Amino acid sequence: MREIDRRGMLRRIGLVGAVAGAANLITVSPGAAASPGAVALPKNLTGVGISDALRGIPAVDKPQMTVLVDRPGTARGQIYYNYRGMVIADQHGITTSFQPSTQFCTDFRLQTYRGRPLLTWWERVTGDPSGGGVCKLADGSFTLVDSIGPLGPLTPDLHEFVVTPWNTALITVYQDIPYDLSPIGGPKQGRLFDSLWLEVDIATKTVLHQWRASDHIPLTDTYARLPEKLEEPFDYFHINSINPDVDGNILISARHTSAVYKIDRRGRRVLWTMGGKSSDYQLDGDASFSWQHDVQAVDAHTLRLFDNASDGTVVDRPHSRVIWVRRDPRTRKVSLVREWAHPDGVSSPAMGNAQRLPNGNTFVGWGWANRLSEFDRRGRLVFDATLPEFCYRSYRFAEQPR
């Protein structure tokens with residue numbers, strides 16, 4: 001199967017949003033070659049625009065996850081996920097609040113802005129050809145408090161919206177630009193889906209800092225293949241997470257280079273690269289990752305990330321996992337600290353996240369695998385559920401929005 005690029009993902013999202021209902025287009029694959037938790041993606045979905053597909057999607061009443069495991073030892077708090085809008089479920093998976101939307105929404109969670117816990121999410125803007133949208137902040141009744149986007153010619157992308165402790169926002173942006181693709185066998189007068197991150201002052205909407213992948217990372221670092229139609233823009237980098245490191249600089253994940261980058265906060269230079277073709281570190285075999293999502297700093301030398309290990313087909317291992325890796329700045333080596341994998345061998349070809357909970361548990365959203373789980377500190381599965389359709393990320397929060 002061809003790897004899932006950004007345009008292909010938007011097309012699939014659009015059609016799933018339009019026709020999903022009792023029949024789920026994403027199903028467990030029965031193929032012998034697939035892992036037990038693999039999923040088969042919808043086929044023949046090209047040519048479907050997300051804005052067209054989402055026009056007039058049917059409403060749903062209180063979507064419910066299907067709980068498979070609910071043992072003692074889960075963290076306190078409610079579960080947040082997206083399905084035709086924003087869903088909050090209680091500790092045991094029963095829906096308690098549902099805010100439907102006719103637009104595609106992602107990354108619904110609780111974040112703190114100016115000391116106030118607020119609901120935040122990204123929402124698609126109809127008609128934006130790049131798949132851009134708006135980052136929203138709302139109170140507990142879903143009354144809008146603030147929003148971000150568009151920002152001049154740039155619109156926020158679905159992959160990340162982080163409210164920082166210093167009351168700014170880190171957001172991802174994709175931009176279609178003319179670009180010479182001849183170094184990787186493409187047309188000299190080609191087009192690129194370039195990846196950017198911005199730091200934005202939420203109150204004034206001022207862009208404080210900006211970083212653009214094509215200014216720093218060569219095309220030849222990509223593992224993605226050129227689009228079949230060479231006139232289409234090439235998504236060579238595919239930024240999918242941005243988070244502050246413990247020192248205030250920025251950690252980003254790029255799916256299509258299978259690498260993590262540390263960038264100085266002003267966006268001027270790459271401090272180091274981990275993984276991929278141009279790594280500054282040597283990764284031990286068990287610490288290697290590919291097509292990953294949601295890179296987070298645990299401490300000054302340890303990272304946690306969701307290792308998809310799949311680009312639509314199995315790449316490095318037959319299942320996805322959450323891993324903790326430690327880098328040694330002296331030896332320039334990276335070793336595996338621990339990993340949590342689903343006992344059913346779940347493989348997620350796209351999306352996914354991992355969240356540390358206050359009691360030390362880890363909450364995992366399996367993205368395109370339509371599943372969410374919670375592991376205790378020993379790696380024991382204490383909560384597990386399937387969702388009505390894929391969900392980019394899912395979370396558990398004990399605090400309440402105000």
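Biologist: How do strands in a sheet hold on to each other, and which residue in strand 12 is the bridge partner of P156?

Modeller: In general, strands of a sheet pair through backbone hydrogen bonds, either parallel or antiparallel. Here, P156 has V173 in strand 12 as its bridge partner.

Biologist: In what order do the strands of this open sheet come?

Modeller: The sheet has 4 strands in the order 11-12-13-14, with antiparallel pairing. Strand 11 (156-163) and strand 14 (207-212) are the edges; each has a single partner strand, so one of its sides has no neighbour in the sheet. On average, neighbouring strands here are turned by 25° against each other, ignoring direction.

Biologist: What does the whole chain look like in terms of helices and strands?

Modeller: The protein chain has 2 helices and 28 strands. Of its 402 residues, 59% are buried.

Biologist: Now the backbone angles, please. What should I expect before I look for exceptions?

Modeller: Most residues other than glycine have a negative phi, and most peptide bonds are trans. In this model, the peptide bond from G149 to P150 is cis, with omega near -5°. P150 sits in the loop between strand 10 (144-148) and strand 11.

Biologist: Where does K205 lie, and is K205 buried or partly exposed?

Modeller: K205 belongs to the loop between strand 13 (190-201) and strand 14. K205 is not a glycine, yet its phi is positive, near 65°. Its relative accessibility is 28%, so K205 counts as partly exposed.

Biologist: What about D294: what is its phi, and which strand holds it?

Modeller: D294 also is not a glycine, and its phi is positive at about 55°. D294 lies in strand 20 (residues 293-297). With a relative accessible area of 4%, D294 is buried.

Biologist: How should I judge confidence in the prediction?

Modeller: Where pLDDT is low, the predicted coordinates should not be read in detail. The protein chain averages a pLDDT of 87, and 85% of the residues score at least 70. Over residues 15-57, however, the pLDDT is below 50, although this stretch has 80 contacts in the model beyond near neighbours in sequence.

Biologist: Thank you, I know how to begin now!

How values were computed:
Residues are numbered from 1 along each chain as its sequence is written. This is a predicted model: local features need pLDDT of at least 70, side-chain atom pairs count only at pLDDT 80 or more; totals for chains, interfaces and linings use all residues. Side-chain values use heavy atoms; hydrogens and water are left out. Buried means under 20% relative accessible area, exposed over 50%, partly exposed in between (1.4 Å probe, protein chains only). Two strands pair if DSSP finds at least two bridges between them. Axes are lines fitted to C-alpha atoms, for helices over the stretch in contact, and angles run from 0 to 180 degrees between N-to-C directions. pLDDT is the predictor's confidence in each residue, from 0 to 100. Contact means heavy atoms within 4.5 Å.
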